[in-house]
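Visitor: I have a structure open and would like to go through a few parts of it. Can we start?

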Amino acid sequence: MSAFPHQHRLTKNFVFNLDIRPLLCYYNFRNNNHYYFNKEGAMLKYSRQRESIKNFLMTRKDHPTADTVYMAIREQYPNISLGTVYRNLNLLSDMGEIIKIPTPDGADRFDGRTVPHYHFFCTECGCMKDMNMECIRQINQIANESFDGIIESHSITFYGKCSRCLHSHSEAA
């Protein structure tokens with residue numbers, strides 16, 4: 001194996017790179033296993049179920065709960081357990097591949113979009129949406145001025161009523 005864990009030597013002079021995913025990938029020809037390396041360099045065996053969960057989240061804009069993810073993934077993997085979905089969601093979140101968003105209703109939401117952005121949570125219907133606004137980057141500096149430590153990042157969730165709930169209340173009146 002080369003000095004880089006995501007590269008593999010076929011011969012003395014030929015190195016190929018399997019870094020085709022956001023995680024670094026290494027294919028072991030001896031046992032036909034794929035391994036991924038997270039940002040900290042820890043090795044993790046490839047899982048079709050984990051990959052399906054991540055791909056499912058990448059296609060969603062509604063920030064589903066673990067139960068919603070479970071119901072969708074069960075269509076593809078009928079024998080998957082809710083515990084497996086929770087473990088994989090937490091692992092993907094810990095690795096930085098998805099975002100876990102705590103909500104006031106107690107059910108964490110999950111987001112496949114990991115670029116910095118803000119969220120909105122409707123206190124009426126419980127929907128969660130991405131906010132289409134620029135991130136306030138200087139907020140870390142402002143917070144650092146009144147904090148004895150180092151602020152590295154922030155997350156903001158706005159709370160209120162979504163347009164659908166406002167519209168339904170105006171029709172009822």
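**A walk through the model**

Guide: Phe158 is partly exposed, with a relative accessible area of 31%. Keep in mind that this is a predicted model.

Visitor: Which strand is Phe158 found in?

Guide: Phe158 belongs to strand E10, residues 157–160.

Visitor: Now His119. Is His119 buried or exposed?

Guide: His119 is buried, because its relative accessible area is 5%, and the cut-off for buried is under 20%. His119 is found in strand E8, residues 119–122.

Visitor: Which side chains have a polar contact with the side chain of His119?

Guide: His63, at 3.4 Å, and His117, at 3.0 Å.

Visitor: What else is His119 in contact with, leaving aside its neighbours within four places in sequence?

Guide: Among them are Ile101, Asp111, Met128 and Ile156. Phe158 is also in that list.

Visitor: Changing topic: which residues of helix H2 are buried?

Guide: In H2, residues 66–76, the buried residues are Ala66, Val69, Tyr70 and Ile73. Seen down the helix axis, they fall within an arc of 100°, so they line one face of H2.

Visitor: Why would residues three or four places apart point the same way?

Guide: An α-helix has 3.6 residues a turn, so residues with that spacing point the same way.

Visitor: What do the buried residues of H2 pack against?

Guide: They pack against helix H1 (48–58), helix H3 (82–95) and strand E7 (109–111).

Visitor: And which residues are exposed on the other side of H2?

Guide: Met71 and Glu75 are exposed there.

Conventions:
Residues numbered from 1 in each chain as written. Predicted model: local features only at pLDDT ≥ 70, side-chain atom pairs only at ≥ 80, totals over all residues. Heavy atoms only, no water. Helix = DSSP H or I, 4+ residues; strand = E, 2+ residues; numbered from the N terminus. Buried < 20%, exposed > 50% of the residue type's maximum accessible area, 1.4 Å probe, protein only. Polar contact = N/O pair within 3.5 Å; in protein donor to acceptor, adjacent residues only side chain to side chain. Contact = heavy atoms within 4.5 Å. Arc of directions from axis to C-beta.
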